[in-house]
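Open the model in your viewer and keep the sequence panel beside it. This tour tells you what to select next and what is there.

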Amino acid sequence: MSKVAVVFWSASGNTEAMAKAVGEAAASNGAAVSYFGPGEFSSAKVAEYDAIAFGCPAMGAEVLEETEFDPMFTEVEGSLMGKKIGLFGSYGWGDGQWMRDWQERAESAGANLVSDGVMANNAPDDEALENCAELGRALA
């Protein structure tokens with residue numbers, strides 16, 4: 001059984017809804033799923049999981065949340081070489097530049113992205129939730 005970590009930060013609940021869709025799809029495909037906030041996850045935990053989904057909304061000028069999420073991601077980046085990961089998050093403005101930048105960071109770290117990052121404009125609609133489910137299935 002594969003072990004999947006879903007690590008996310010959410011202020012409004014939009015990214016949390018996406019995290020649940022990712023996790024539920026991974027679980028329904030046989031994975032053991034654990035959920036973490038950014039303060040609960042570190043590079044020491046990376047090796048415990050076969051795959052990791054990271055979720056964070058776009059903040060400010062299309063950047064990752066800077067107080068909790070980005071410091072955690074920066075800390076784990078060096079542990080992601082060869083790791084199967086997926087990225088997801090919601091945004092309310094812009095065109096998804098934060099996700100393209102984030103994907104580039106993950107690829108530069110040697111992570112194995114299972115798909116392009118999944119984005120939702122504000123609250124995830126049915127299509128965004130289905131894309132999250134596809135991400136969860138790919139990680140499982």
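In which loop is Ser115 found? Select Ser115: the loop between strand S5 (112-113) and S6 holds this residue. Helices (H or I, at least four residues) and strands (E, at least two) are DSSP runs, numbered from the N terminus.

Before moving on, note that this is a predicted model, where local features need pLDDT of at least 70, side-chain atom pairs count only at pLDDT 80 or more, and totals for chains, interfaces and linings use all residues. Residues are numbered from 1 along each chain as its sequence is written, and side-chain values use heavy atoms, with hydrogens and water left out.

**Stop 1: Ser115**

Stay on Ser115. Its relative accessible area is 29%, so Ser115 is partly exposed. Buried means under 20% relative accessible area, exposed over 50%, and partly exposed in between (1.4 Å probe, protein chains only). Ser115 and Asp50 are 65 residues apart along the chain, and 16 Å separates their C-alpha atoms.

**Stop 2: two residues with positive phi**

Select Asn122. This residue sits in the loop between strand S6 (118-121) and H5. Asn122 is not a glycine, yet its phi is positive, about 60°. With a relative accessible area of 41%, Asn122 is partly exposed.

Next, select Glu62. Look in the loop between S3 and H3. Glu62 is not a glycine either, and its phi is positive at about 55°. Is Glu62 buried or exposed? Glu62 is buried, because its relative accessible area is 12%.

**Stop 3: helix H1**

Select residues 14-28, which form helix H1. Asn14 lies in this helix. Asn14 has a relative accessible area of 16%, so it is buried. Which residues does Asn14 touch, leaving aside its neighbours within four places in sequence? They are Ser90, Asn122, Ala123 and Pro124. Contact means heavy atoms within 4.5 Å.

Ala27 is in helix H1 too. Ala27 is partly exposed, with a relative accessible area of 39%. The C-alpha atoms of Ala27 and Lys83 are 19 Å apart, and 56 residues separate the two along the chain.

**Stop 4**

Axes are lines fitted to C-alpha atoms, for helices over the stretch in contact, and angles run from 0 to 180 degrees between N-to-C directions. Angles under 35 degrees count as roughly parallel, over 145 as roughly antiparallel, 65 to 115 as roughly perpendicular and the rest as oblique.

H1 passes H5 in a right-handed crossing. A crossing is right-handed if the near helix is turned clockwise from the far one by less than a right angle, and left-handed if anticlockwise.

Show the side chains at the contact. H1 brings Ala17, Met18, Ala21, Val22, Ala25 and Ala26. H5 brings Leu129, Cys132, Ala133, Leu135, Gly136, Arg137 and Leu139. Eleven residues of this contact are nonpolar, one is polar and one is charged. Ala, Val, Leu, Ile, Met, Phe, Trp, Tyr, Cys and Pro count as nonpolar, Asp, Glu, Lys and Arg as charged, and the others, Gly among them, as polar.

**Stop 5: H3 against H4**

Select helix H3 (residues 69-76) and helix H4 (residues 97-108). They pack at about 25°, with axes 11 Å apart. That makes H3 roughly parallel to H4. H3 passes H4 in a left-handed crossing. From H3, Phe69, Asp70, Phe73 and Thr74 make the contact; from H4, Trp102, Arg105 and Ala106 do. Four residues of the H3 contact with H4 are nonpolar, one is polar and two are charged.

**Stop 6: the cores**

Finish with the largest nonpolar core, which has 27 residues. A nonpolar core is a set of buried Ala, Val, Leu, Ile, Met, Phe, Trp, Tyr and Cys residues joined through side-chain atoms within 4.5 Å. Those with the most contacts inside the largest core are Phe41, Ile52, Phe54, Phe69, Leu80, Ile85 and Trp102. Strand S1 (3-8), strand S3 (51-55), H3, strand S4 (84-91) and H4 each give two or more residues to this core. Another core lies apart from it, with 18 residues, among them Phe8, Met18, Ala21 and Val118.
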